[in-house]
Amino acid sequence: MKIVVTVKLVPDTNAVKRIDPATKRLVRTGVETVINPFDEYAIEAALALKEKLGGDTTVTIFTMAAESGKEVVRKALAMGADDAVMLSDAGLEGSDVWASAYAMAQALKKIGFDLIICGALAEDGNTGGLPNALSEYLGVPALTNARHIEISDAKVKAQRETDSGYQVVTGALPMLMTVTMAVGEPRYASLKGIMGAKRKTTAVMALSELGLEKAVGTGGAKTEVVEIAARPARGKARVEEAADGPAGAKIIFDFLKERKLL
Amino acid sequence: MTRNVIIFVEHKAGHTRKVTFELATEARALADQIGGRALAVALGNGASTVAQALGKYPLDEIHISEDPDVDRFLLDPTVDYLEAVARSAGPSIVLVGNTMMGRDVAGRIAARLQAGLTSDVTGIRVEGARVECIAPKLGGNTITTCAFKEAPYGVVTIRPNAFAAASLETGAQVVQIAKPAGKSYALTIEAEVEEASDEMGLEEAPVVIAGGRGLGGPEPFDTLLKPLAQALGGTVGASRAAADAGWVPYSLQIGQTGKVVSPQLYLCAGISGAIQHKVGMQTAGTIVAINKDGSVPIGEFADLLVVGDAFKILPELTQLVQESKAAHA
């Protein structure tokens, strides 16, 4: 079975982020790039499946990113993935969700897969629309927010998290899945994994190899950013010491009244 | 270009989710600005009950289907029905709640309609013929305004609690949707299991009472936070530490790898407010924190930080709120 994990490279949450007013894009220089934290769970889910299923199961990392992201991709290989493919092309710059999903779908068709696993959300945009759009372009079902994944004989059974619990969902490969944190804490790369990652291949794919029928990048995007502003930072809190329970409750109660929240 | 506005109704067996009423209200305002009709699509078991509830909102048409396939198969029938309404309505802006369900629907329908997608939107404005969507990005640190280019369709996910819901009886027409022909569905929903008793989703709750590591175990979530949440008409949330410890399900986790919430009131106990948590709640209206330590990071961006013992303060506060509500009832 061939599992492909899609990974987005995002700026580190802990870094101060800024957007270039001219290009209206995130300034990535000087900010450490990391694997979208949600996608680390997707990698973990894929590696756990590989261990469980054994045999000829492989895990391929796929990312649409500049070639400079190779070092970050290597971290996924060090965790235990078999190989990686990067779709890197200047022509992709300015792609929105629509254009990204379209280009990625064509690349994934070329790579081939039985199962695609994605993180549930992208940390930098809170979009979550991309995996779903991908499934449409690929014409495969999307089992979203999955956990407790069981696969045998190309049949899939998983729990799908909802706001109030979960659904038990069944289907057949090929399919696309997004996973939640309940699949388990992403593993650390072992020293052996880190050494081994250097010998694993990271293939680089260009747009010209995909034979796209539709425009991508800024020209193909269906949306455009017209304005970016910094959100005014919240001020410091009023700090009050509570002598005891009733005093603390009174402070909060009065504050809620003052704010017309009661 | 004249466009209609279509809202995707989220409900559970006829119990309409709050964000839907927010969408309905905004749909009318937007439709009036862009010269189209405001339509709703409600699907599955209970859709006709939902149509009644939505009758109190200023919509032109409510399209429904109670086809059991909608609840039997995962999402595919839902997207097919929504697509059918969008195609028959012609150029439209589709509004969907930014919820677990809504994000799935939005991504799918956007691809189907070859439409742009703007996410987690907190404001919509019309500039000439262009629809522009305003959304907080990068953990709420920036505000981005994104416009749809010329295309027949656009899809928007709306952050719950960002738009007001205002009822206004208009007597919307209820239309039955014909079953899309020639479809087969790949993912079967075998069972539905409820883990949390709260009907209200964390992302749309107007009040969130959250707990963290400082609470020391799972019990205080039920005994301290839940009663206060109920008294204030809200729901319970948690920090990652609490979810990782297994005290609450991950569906209640707020922050970088959890949910992003913007309630009117965010009140938390035993949460220090590290950046991973901050990015999930800093756009809340009012933030109140209770902590034993007066120097925790949350003091840098909360509105009120009470330094004290949450175990003693919360029951007292719950009682004050209950008494106040009873007096005003």
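**Entry 1: a sheet across two chains.** I looked up an open sheet in this predicted model and found 4 strands in the order S14(A)-S10(B)-S9(B)-S8(B), with antiparallel pairing. Strands here are DSSP runs of E with at least two residues, helices are runs of H or I with at least four, and both are numbered from the N terminus. Two strands pair if DSSP finds at least two bridges between them. S14 (223-230) of chain A and S8 (123-127) of chain B stand at the edges with a single partner strand each, so one side of each has no neighbour in the sheet.

I then checked S9 (130-137) and S10 (142-148) of chain B, and 6 bridges join them. Ile134(B) has Thr145(B) as its bridge partner in S10(B).

**Entry 2: ground rules.** I noted that residues count from 1 along each chain as written, while chains are lettered from A and ligands numbered from 1 in written order. Local features need pLDDT of at least 70, side-chain atom pairs count only at pLDDT 80 or more, and totals for chains, interfaces and linings use all residues.

**Entry 3: a helix with one buried face.** Which residues of H2 (47-54) of chain B are buried? I found Ala47(B), Val50(B), Ala51(B), Ala53(B) and Leu54(B). Buried means that 20 or more other C-beta atoms, placed from the backbone, lie within 10 Å of a residue's own. Down the axis of H2(B), these buried residues fall within an arc of 160° (taken from the directions from helix axis to C-beta atoms), so they line one face of the helix.

Note on methods: Buried ≥ 20, exposed ≤ 12 C-beta atoms within 10 Å, placed from the backbone.
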